[in-house]
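User: I've got a model open here and would like to go through its ligand site and pockets with you. Can we take it step by step?

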Amino acid sequence: MTTNTPLKLTSINKQFQDGDRQLTILQNLNLHVARGEFVAVVGPSGSGKSTVLSIAGALQSADSGEILINGEDITTYNDHDKANVRLRSIGYIFQASNLVPFLSVFDQLKLVAELAGEWNAAAKKRATDLLISVGLEKKMTKNVQTLSGGEKQRVAIARAFMNEPELILADEPTAALDISRSKEIVELIAKEVHDKNKAAVMVTHDESVLCYCDKVYEMFEGGLRLRKHSPSNTL
Ligand code: ADP
Ligand code: MG
């Protein structure tokens with residue numbers, strides 16, 4: 001078994017230009033996520049949560065600091081190498097499920113495997129098994145546009161797991177869902193992390209799903225601090 005840390009952010013700084021002002025969004029931010037760990041990041045709107053996630057996901061660069069994904073230092077990678085890391089090592093789940101319109105449920109998963117050059121018999125079976133595990137066995141051939149919000153989000157989750165990434169990043173994955181659907185979605189992420197010894201970071205506003213996470217960090221002065229009363233897993 002590999003001992004690589006799924007995610008390690010060290011001394012991350014990020015500023016944005018706002019007219020003629022420089023806004024410091026992240027300042028000396030550190031985050032270490034171990035294998036088997038499901039971490040939540042909470043904080044007010046505009047506090048930099050999505051920025052942390054996009055830096056952790058190699059979608060955006062930091063101004064300074066070090067980014068290790070699955071033990072690999074990607075800090076100075078070019079766009080092509082970052083794209084490779086994203087395909088190989090990271091599964092993303094966004095608030096709006098960001099599915100490809102006009103493709104069937106099954107083909108959403110096929111597409112990401114094809115992009116990674118890994119569409120074969122084993123991948124086909126994995127896509128089928130994943131869609132069964134998220135309760136979509138009867139919807140595999142349906143166009144995603146015919147699905148409900150909760151179903152779309154379950155497709156997005158199965159797709160995020162398809163290439164067996166070590167790191168799952170979810171930005172407000174339950175924002176468009178009601179409480180019971182929200183819990184189902186987050187439970188699926190927790191199960192993948194804990195059963196398969198993966199790692200996940202979830203940004204959320206939703207206190208009702210924090211009980212599935214192992215640690216809760218709050219945005220604080222441009223960095224992260226651990227919430228004192230971490231949730232227990234008893235519901
Ligand atoms: P959160 O996800 O916690 O709501 P964000 O990370 O999206 O916060 O944004 C943090 C702050 O950075 C906000 O004030 C936002 O307006 C600003 N911001 C985010 N992205 C950019 C950008 N590309 N250019 C300028 N400002 C940005
Ligand atoms: Mg956000």
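User: Where does tyrosine 212 lie?

Analyst: Quick ground rules: this is a predicted model, where local features need pLDDT of at least 70, side-chain atom pairs count only at pLDDT 80 or more, and totals for chains, interfaces and linings use all residues. Residues are numbered from 1 along each chain as its sequence is written, chains are lettered from A and ligands numbered from 1 in the order in which they are written, and side-chain values use heavy atoms, with hydrogens and water left out. Helices (H or I, at least four residues) and strands (E, at least two) are DSSP runs, numbered from the N terminus. On that basis, tyrosine 212 sits in the loop between strand 8 (199-203) and strand 9 (215-220).

User: Is tyrosine 212 buried or exposed?

Analyst: Buried means under 20% relative accessible area, exposed over 50%, and partly exposed in between (1.4 Å probe, protein chains only). Tyrosine 212 has a relative accessible area of 9%, so it counts as buried.

User: How far is a polar backbone atom of serine 50 from an oxygen atom of ligand 1?

Analyst: A polar contact is a pair of N or O atoms within 3.5 Å. A backbone N or O atom of serine 47 lies 3.2 Å from an oxygen atom of ligand 1, and one of glycine 48 lies 3.0 Å from an oxygen atom of the ligand. For serine 50, the distance is 2.9 Å.

User: Which element gives the most to the lining of the largest pocket?

Analyst: A pocket is an open set of points on a 1 Å grid over the protein atoms alone, where a 1.4 Å probe fits, with protein on both sides within 12 Å along at least five of seven lines; lining residues have an atom within 4 Å of a point. The largest pocket holds about 380 Å³ of space. Of its 19 lining residues, the closest to the centre are Arg86, Leu87, Ile90, Tyr92 and Val112. The top contributor, with four residues, is helix 3.

User: And for the second largest pocket, where does the largest share of the lining come from?

Analyst: This pocket has a volume of about 160 Å³. Its lining includes Leu130, Phe161 and Lys191. The largest share, five residues, comes from helix 6.

Key
Points joined across faces, edges and corners; volume = space filled by probe spheres on them. Polar contact = N/O pair within 3.5 Å; in protein donor to acceptor, adjacent residues only side chain to side chain.
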